[in-house]
Amino acid sequence: MKKQLLLYLFIVSLLFNVFTYMYFSKKEAATQKKYEALDVKYKDSIQVFGNKLLDADYFSLEKNDRAQNYLADYDVTKLSTAISEALLEFNSDPQGNKYTDQPMMGEQKFIINKIKIINHRWIVADYSNGTLWGEVLIKYFVESDTKFTFETMDSYLYSSQFN
């Protein structure tokens with residue numbers, strides 16, 4: 001009787017171990033498959049966002065080969081920084097930045113907040129006086145590494161109802 005009991009216990013423990021092994025091996029395979037699917041999904045989403053970033057940077061001096069060829073004598077990265085700094089220096093004028101093409105309204109002057117250098121000739125900038133906001137298209141000319149000429153092409157001031 002004792003031998004039969006030990007035999008039954010051995011068979012039950014063997015079955016228990018086989019079922020446990022099968023459960024955990026299938027669980028591991030299912031988990032691995034799930035993570036592989038997520039990995040593919042995340043790689044696809046990274047690719048999509050990378051493509052969107054490339055599309056957004058299509059109109060930028062750093063990504064425009066033709067504009068870089070035009071400015072071949074200059075380091076484009078340093079030139080972009082120098083152009084931005086030169087344009088933002090006009091913000092310190094007591095009457096506001098003259099390239100916003102907006103006169104001072106009351107005590108608040110218009111200053112340029114954000115700049116996007118599109119290519120070797122144009123800049124798009126966002127400006128405000130704290131209550132009103134607008135955008136301006138500026139034409140620029142590179143005369144040297146530190147000397148630039150700016151010309152306002154067009155400016156648009158949004159009405160205050162949209163603020």
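Guide: Let us begin with K43, which forms a salt bridge with D39, their closest N and O atoms being 3.6 Å apart. The term stands for a side-chain nitrogen of Lys or Arg within 4 Å of a carboxyl oxygen of Asp or Glu. Please keep in mind that this is a predicted model, in which local features need pLDDT of at least 70 and side-chain atom pairs count only at pLDDT 80 or more, while totals for chains, interfaces and linings use all residues. Residues are numbered from 1 along each chain as its sequence is written, and side-chain values use heavy atoms, with hydrogens and water left out.

Visitor: How are K43 and D39 separated in helix α1?

Guide: Helices are DSSP runs of H or I with at least four residues, and strands are runs of E with at least two, numbered from the N terminus. Because K43 and D39 are four residues apart in α1 (residues 2–56), about one helical turn separates them.

Visitor: Is K43 buried or exposed?

Guide: Buried means under 20% relative accessible area, exposed over 50%, and partly exposed in between, with a 1.4 Å probe and protein chains only. K43, at 54%, counts as exposed, whereas D39, at 39%, counts as partly exposed.

Visitor: How many salt bridges does the structure hold?

Guide: There are three, and one of them joins the side chains of K116 and D57, at 3.7 Å from N to O. Since K116 belongs to strand β1 and D57 to the loop between α1 and α2 (65–70), this pair ties together parts that are 59 residues apart in sequence.

Visitor: With which strand does β1 pair?

Guide: Two strands pair if DSSP finds at least two bridges between them. Here β1 (residues 111–117) pairs with β2 (residues 122–128) in the antiparallel sense over six bridges, and I112 stands opposite Y127 in β2. A hairpin of four residues joins β1 to β2.

Visitor: What kind of aromatic pair do Y58 and F59 form?

Guide: Rings of Phe, Tyr and Trp (its six-membered ring) pair if their centres lie within 6.5 Å, and planes under 30 degrees apart count as stacked, over 60 as edge-to-face and the rest as tilted. By this rule there are eight aromatic pairs. The ring centres of Y58 and F59 are 4.9 Å apart and the planes stand at 85°, so this pair is edge-to-face. Y58 and F59 are both exposed, whereas F148 and F150 are both buried.
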